[in-house]
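Hello,

Here is the structure I promised to pass on. My notes follow below it.

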Amino acid sequence: MENNTKINYKLLNQIFNKSRYPVIVLKKNGNILFFNTKAEEWALLHSNTPMMENKSILNYLQKDDMNEFGNEILSISENPGIPVTPIVSIMPAVDGNERWYEFYLSKFDANDEEEYSLLTIEDISGRKKTIDDLAEREKRFKSLVQNSSDIIAIIDEKGIFKYVSDSVKKYLEYKVNDFLGRRVQIFISPGDQAKFSSFLASILKNERKSYFNEFQFFDRKGNILYFAVSANNQLDNPSIKGIIINARDITDKKYADEMIYRMSRQNELILETAKEGIFGLNAKGLITFINPYGAGILGYKEEEILACHYSEILPEEYLQKEFFLVDDIMHSNDFSFRKKDGSFIPVEFSSSPIHNNSKLSGSVITFNDITERKKNEAELKLAKITADEANQAKSDFLAQMSHEIRTPMNSILGFIELLSLTDLNPEQSDFVRTVSESARHLLDIINDILDFSKIEKGRIDLELIPFNPGDFFTSTFKLLKSNADDKDIAFTIDIDDKMCITLGDPFRIRQVLTNLTANAIKFTEPHGEISITIRKESEDDDFCSIYFEVRDTGIGIPEDRQDAIFQPFMQSSSSTTRKFGGTGLGLAISGQLVKMMGGSIKLNSVENKGSKFYFTLQLKKAAPEDTDNLEKLNDYREITAEEILKFPLNVLVAEDTENNRKVIRLMLEKFGITPVFAENGKTAFELFKDGKFDLIFMDGNMPVCDGFQAAGLIRDYEKKKNLKRTPIIALTAKAVKGDRELFLNSGMDDYLTKPVNMKTILAALCRFFPQKIIPEKNNCCSEKTDANTDDGIRINFEQLEKQLGLDRETIRNLLKEFISEIDAYILQLESAVTENDYSKIEFAAHKLKGISSMYLISAISEPASQIEEKSSEKLNIDYAGLISRLKDEALRLKQDI
């Protein structure tokens with residue numbers, strides 16, 4: 001009987017000394033009855049005075065807190081039902097640091113003549129610092145793992161540790177490396193090893209989002225600790241490739257659970273001071289107890305919620321009786337409880353079943369308010385969206401600026417080329433050559449920026465065409481070798497002549513190899529050496545593994561800069577940039593391209609001795625039908641002036657300008673194609689429905705129905721009739737921002753920029769119909785005529801012959817037809833200006849620009865382009881002056897022809 005009425009000091013001492021918090025039992029007058037080891041450490045830390053029994057607790061507190069604690073003790077003594085109220089205080093330690101604490105004081109009746117109070121102290125300095133640090137986004141993110149109080153680990157499907165957080169040292173006193181490469185079962189008590197094997201087998205089935213169970217672990221000293229383990233199967237996630245384990249130390253909770261069933265009122269005091277909500281259910285789902293902290297979270301007083309059904313705190317979709325009353329342990333970190341006022345709060349909870357004689361008799365639920373955590377997660381998500389939007393804006397800016405700069409650069413290069421064809425003295429020729437090289441170098445930089453922007457936005461499309469790696473790159477290296485010879489650099493090429501015929505994008509691979517080789521030449525001093533190696537590493541029935549290597553004896557790269565050089569706009573040092581130039585984009589682009597093709601560029605380099613860049617690509621082997629067309633495809637890539645390719649195709653051309661139709665017809669006839677023409681998109685759609693075409697060339701800007709609308713109609717018709725998709729290639733005279741995406745979104749498959757020529761049309765035909773290539777001899781392109789013998793001083797017939805692939809007499813006849821119609825074009829434009837109709841002005845100027853561009857008549861196309869551009873923006877300019885200029889140039893053109 002005496003044991004039931006007196007405090008079991010020995011039992012309390014065992015319980016309190018297992019607590020992570022200082023715990024002190026006070027008499028009614030505030031004097032200390034007894035205390036645990038943590039309380040003694042706390043007293044020494046802040047007062048350098050040992051804690052003693054029968055000494056007032058006020059001797060160990062801040063002076064400012066004494067009156068508050070005195071009043072609190074008195075209130076609890078006079079009002080036994082008063083709830084636990086936390087007191088927050090900051091206290092200086094003897095080491096000079098300050099710490100934040102929360103003090104929890106509650107009264108209990110030991111059923112004897114004395115009344116006692118229980119004081120629990122929690123160090124919240126870490127929590128306080130975390131809250132302050134939430135203002136910084138990066139620190140918030142890192143704290144999710146680094147500052148986590150849980151043990152976070154990644155294991156493979158065999159249960160072997162691949163990663164474990166530093167917090168493992170805090171709980172199990174092991175080093176991180178003690179876990180890596182070892183099985184989880186090594187650290188689990190023998191009684192739980194079979195349970196963990198079953199747990200792992202359930203995870204591998206991946207039937208749920210997460211799995212939860214409890215296990216006993218050994219620490220380094222052999223002590224048993226209890227952990228609640230949640231697991232998430234991320235084996236299919238390429239960035240993780242493992243099972244994420246979150247282990248929370250619940251040793252104190254396990255002891256608290258045992259106290260609930262094995263101890264009397266003294267044990268319940270520990271429960272009441274817990275810093276998480278805890279409530280229990282009986283077999284009927286009624287709440288049998290709840291701690292003050294949990295009741296406070298839900299907005300109730302303890303007596304208000306006792307005997308209520310748990311459905312009072314659940315969302316409506318979880319009102320079934322069996323939600324908490326199940327044999328399995330339940331856990332969720334994304335749930336909501338309903339408060340007394342009807343509002344909901346986000347919580348993380350765990351539910352453990354209670355059994356009596358193997359029969360489910362209830363459940364114990366622990367929960368925490370995670371409102372702050374959810375707020376932080378939302379802020380992190382918003383910060384990521386903001387960062388992504390900023391990155392997108394940067395990419396869009398780079399793409400747009402590259403396009404805008406490239407447009408005038410093309411004009412500059414064109415005029416330089418025209419200037420080089422005039423009579424120049426040696427000094428002037430040297431000037432022109434220097435300007436041309438500089439302009440082309442600038443254009444290369446602009447193209448690099450555009451490629452980089454496309455890669456960032458995921459807009460680089462890789463081709464899948466057959467090629468022989470042993471043959472395809474030979475000509476490329478021969479061209480680069482001449483650059484090496486100019487610097488007196490020994491240049492060797494070792495390409496395996498027994499290669500598989502593979503499918504891939506040889507042009508992107510060539511871009512990478514050209515970049516690596518050009519860098520090797522740039523950074524290698526005279527009398528150095530460069531070697532290129534391409535060889536087959538392995539081969540099976542489906543794939544061929546090809547190894548690429550570029551080695552040099554150049555300046556090398558410092559070890560601490562070798563990772564950085566693959567970052568955009570980075571070189572090995574600022575002195576390298578000053579001496580050798582360059583944007584630092586080449587390697588970034590090359591690295592990304594190789595990554596897109598399934599490889600990774602690697603680097604071995606020694607400063608002042610040289611570098612080796614190498615990568616391996618696993619390429620799919622070409623099928624026999626692809627191999628049959630390999631030589632025909634190579635003919636298209638390196639076609640000579642004496643050769644032409646034939647295509648047995650039915651082609652529809654939608655083009656509203658008569659002269660353009662004639663030029664395109666003559667070009668297509670050179671490839672054995674007799675096209676069908678439509679003057680607008682509506683006619684094109686009707687012809688498409690009535691005929692069967694292999695390919696459609698579609699002008700973007702046409703009357704009645706433009707090319708984009710027509711493409712949409714065709715795609716809808718194909719879908720409705722379940723027809724095979726017919727390739728549609730757009731023809732446009734505009735500088736397209738965003739590349740082919742605008743055309744692809746409208747239903748087209750590719751685009752050609754006007755003025756089109758034999759080469760671009762041939763490339764399109766070969767790209768879409770490599771299997772229909774029929775090589776033949778072409779005599780029309782072999783005729784050589786000196787442009788200077790012609791009287792047409794404003795027409796570059798030699799250039800037109802190369803571009804259009806037509807003989808001079810045919811071109812002259814086409815020009816005469818155009819000149820006979822030019823007055824009508826100008827009259828149409830002038831009439832639109834008089835009506836002040838911007839859409840008509842833009843349309844008329846577009847037609848005039850397109851056809852004059854085809855014949856390289858810049859004196860006509862440039863003012864027409866200005867009119868088109870300004871009218872599209874609805875801007876008032878000197879239209880009369882530009883039209884007068886067009887008339888003057890038209891008159892001169894008639895005189896020339």
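Two strands count as paired if DSSP finds at least two bridges between them. Please keep in mind that this is a predicted model.

Three residues separate the two strands, and Asn608 in the turn has a positive phi of about 70 degrees. Asn604 has Lys612 in β22 as its bridge partner. In a regular strand, side chains alternate between the two faces of the sheet.

Salt bridges: the whole structure has 24.

- Asp192 and Lys195 meet at 3.9 Å, N to O. Both lie in helix α8, three residues apart. Asp192 counts as buried because its relative accessibility is 9%; Lys195, at 33%, is partly exposed.
- Glu686 and Lys689 meet at 3.6 Å, N to O. Both sit in helix α23 (residues 681-690), about one turn apart. Glu686 is partly exposed at 34%, and Lys689 is partly exposed at 32%.
- Asp749 and Arg715 have their closest N and O atoms 2.7 Å apart. Asp749 is in the loop between α25 and β28 and Arg715 is in helix α24, so the pair ties together parts 34 residues apart in sequence. Both residues are buried.

Shared partners also join Asp150, Arg248, Glu348 and Arg373 into one salt-bridge network.

Lastly, Ser189 lies in the loop between α7 and α8. Ser189 is buried, at 5% relative accessibility.

Best wishes

How values were computed. Residues numbered from 1 in each chain as written. Predicted model: local features only at pLDDT ≥ 70, side-chain atom pairs only at ≥ 80, totals over all residues. Heavy atoms only, no water. Helix = DSSP H or I, 4+ residues; strand = E, 2+ residues; numbered from the N terminus. Buried < 20%, exposed > 50% of the residue type's maximum accessible area, 1.4 Å probe, protein only. Salt bridge = Lys/Arg side-chain N within 4 Å of Asp/Glu carboxyl O.
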